[in-house]
Amino acid sequence: MAKVRLNFIEGKWVGPAGKKYFEDRNPAYWKELLGSFPESGPEDVEKAVSAAEKAYESWRLLPPPKRGEIILKAGLLLQDQKEELARLMTREMGKVLKEARGDVQEAIDMAFYTAGEGRRLFGKTTTSELKNKFAMSVRMPVGVCGLITPWNFPVAIPSWKIFPALICGNTLIFKPAEDTPACGAKFVEILQEAGLPAGVLNLIHGGADAGQALVNHPRIRLISFTGSCEAGRMIAAQTGRALKRCSLEMGGKNAQIVMADADLDLAIEGAVWGAFGTTGQRCTAASRIYIERKIFETFRRAVVERARKIKVGNGFKSGIEMGPVINETQLKRVDSYVRSGIEEGARLECGGRILKGAAFKNGFFYAPTVFTRVSPKMKIIREEIFGPVTCLIPVKSLEEAIREVNRSAYGLSSSIYSRDVNRAMRAIRDIEAGITYINGPTIGAEVHLPFGGVKNTGNGHREAGETALDIFSEWKSVFIDYSGKLQKAQIDVDGMK
Ligand code: NAD
């Protein structure tokens with residue numbers, strides 16, 4: 001009998017007010033139940049907000065280097081428990097074990113990076129237009145923050161939000177995705193073990209209803225959301241009406257460009273990893289690949305051959321390169337996109353089917369899928385599929401490739417393979433995206449650089465790096481007048497007197 005799990009509020013594990021629970025199952029073997037988790041609602045969120053408010057006064061006054069020490073300890077604990085956590089992740093959401101280890105590693109990197117920020121959190125000192133006056137800017141915490149995360153990076157993404165939010169002095173209510181509550185809970189346990197005081201980080205389980213309870217709570221001052229564009233749009237409208245701070249990281253329809261002068265083997269390897277890594281369930285997955293016409297046929301043949309050979313199965317088994325899709329709804333969604341591609345006249349080169357048979361029984365597996373003859377109007381080229389499906393499109397020039405890349409409503413990641421530095425520089429300048437890789441796939445972010453996208457991918461914020469601090473802190477400008485008299489800015493303009 002799998003365990004009944006609880007929310008974590010004010011340092012205690014507590015059941016939901018509504019006494020309802022949902023099941024957490026393994027997408028590679030649906031019969032395996034990992035646990036039952038609370039379906040939380042407004043009453044639970046209210047308790048968590050009260051706890052976070054109570055903890056806020058002392059947490060915001062704790063010197064940031066001390067906050068950093070707790071985060072550092074959490075990073076060390078994550079390092080100790082990396083294997084355990086990676087294994088839990090593979091069971092809970094299916095990514096292959098090697099990739100699950102990478103997910104945890106990203107959280108470790110984030111902890112180490114953010115811990116050092118405790119001794120920086122730089123503001124600026126600057127001049128004053130008046131004599132005997134000093135000016136500077138300092139960061140202040142925002143207050144109680146609500147953090148809502150998806151299932152595809154169940155440890156890394158929470159770490160991108162939780163660590164920067166904590167170092168800035170905020171107290172938090174974290175709601176992990178309903179498909180990965182166990183990873184979310186384990187992450188919270190690690191922070192508790194690292195010495196985080198009660199009430200600083202509270203955990204609320206549940207789905208969209210629990211998320212909505214956070215978004216609509218009047219005393220939560222900031223919502224940081226990563227997930228679908230659909231939900232993000234709704235949250236933007238709600239937080240906009242309430243004049244609440246809101247940062248959104250949403251979908252992508254990422255593109256790789258391959259020029260004829262590229263190292264072709266490298267570009268093929270990058271395309272296959274970009275399209276099918278994490279079963280294509282990455283916000284940065286390469287779902288459009290624009291290839292210079294001269295090399296299109298060679299490239300197409302190689303990618304299709306590689307895609308056909310990808311070993312799909314349970315991410316624990318050695319040799320498996322691609323795990324399951326997260327759940328049955330998503331499996332059907334991927335398949336319906338593939339059907340729409342066929343109906344709209346695209347050519348299915350390989351895959352295009354739900355995998356059946358003994359090896360895939362009780363799991364949600366989809367064959368790596370490649371389309372060609374895709375036109376810009378088709379749904380498969382416009383909408384985010386979030387599965388192992390990619391499209392290969394011939395182009396005659398770099399200009400055409402960039403034009404097609406920029407046609408997307410999204411703008412998260414992009415990549416170009418070329419040995420010509422002039423072309424690479426033009427791509428960096430002209431592609432409308434938050435990330436551009438040169439001679440690398442569309443996936444591979446590092447935690448010390450800003451992460452996020454333009455257009456429908458986000459609302460202007462960047463997670464990770466130093467820019468994450470701008471999400472989780474408010475700027476205050478400070479003026480210190482040591483002249484001993486009333487000095488009027490813009491009025492006492494003659495600095496010589
Ligand atoms: P989702 O929007 O369904 O859910 C994300 C989270 O939001 C979950 O915790 C969910 O319970 C909650 N939620 C859903 N509807 C809500 C609502 N109306 N109000 C409040 N909370 C709500 O997305 P998903 O299927 O979990 O994740 C996949 C999506 O996330 C893809 O679109 C992917 O591109 C995107 N993503 C983006 C990034 C990025 O940094 N840009 C990173 C990873 C994933």
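Reader: How far is the backbone nitrogen of isoleucine 326 from a polar atom of the side chain of glutamine 281?

Author: We're looking at a predicted model, where local features need pLDDT of at least 70, side-chain atom pairs count only at pLDDT 80 or more, and totals for chains, interfaces and linings use all residues. Residues are numbered from 1 along each chain as its sequence is written, and side-chain values use heavy atoms, with hydrogens and water left out. The side chain of glutamine 281 has a polar atom 3.5 Å from the backbone oxygen of proline 324. From the backbone nitrogen of isoleucine 326, a polar atom of that side chain lies 3.0 Å.

Reader: Is glutamine 281 buried or exposed?

Author: Glutamine 281 sits in the loop between helix H9 (264-276) and strand S13 (286-292); helices (H or I, at least four residues) and strands (E, at least two) are DSSP runs, numbered from the N terminus. Its contacts (heavy atoms within 4.5 Å) beyond four places in sequence include Trp151, Asn152 and Phe386. Buried means under 20% relative accessible area, exposed over 50%, and partly exposed in between (1.4 Å probe, protein chains only). Glutamine 281 has 1% relative accessibility, so it counts as buried.

Reader: Which side chain makes a polar contact with the side chain of glutamate 404?

Author: Glutamate 404 belongs to helix H13 (residues 398-406), and because its relative accessibility is 13%, it's buried. Leaving aside neighbours within four places in sequence, it touches Arg288, Tyr290 and Pro376. A polar contact is a pair of N or O atoms within 3.5 Å; within protein, one must be able to donate a hydrogen and the other to accept it, and residues adjacent in sequence count only if both atoms are side-chain atoms. For glutamate 404 the partner, at 2.9 Å, is arginine 407.

Reader: How much of the ligand does the protein bury?

Author: A ligand nitrogen is 2.9 Å from a polar side-chain atom of glutamine 212. Taken alone, the ligand exposes 840 Å² (Shrake-Rupley method, 1.4 Å probe). The share of that area buried by the protein is 89%.

Reader: Why does the largest nonpolar core lie between domain 1 and domain 2?

Author: This core has 68 residues, with Ile162 and Leu191 among those with the most contacts inside it; a nonpolar core is a set of buried Ala, Val, Leu, Ile, Met, Phe, Trp, Tyr and Cys residues joined through side-chain atoms within 4.5 Å. The core lies between the domains because residues come from both domain 1 (7-250 + 458-477) and domain 2 (254-438).

Reader: How many residues of domain 2 are in contact with domain 1?

Author: The bounds come from an automatic or database domain assignment. The centres of domain 1 and domain 2, taken over C-alpha atoms, are 31 Å apart. Domain 1 brings 21 residues to the contact, and domain 2 brings 25.
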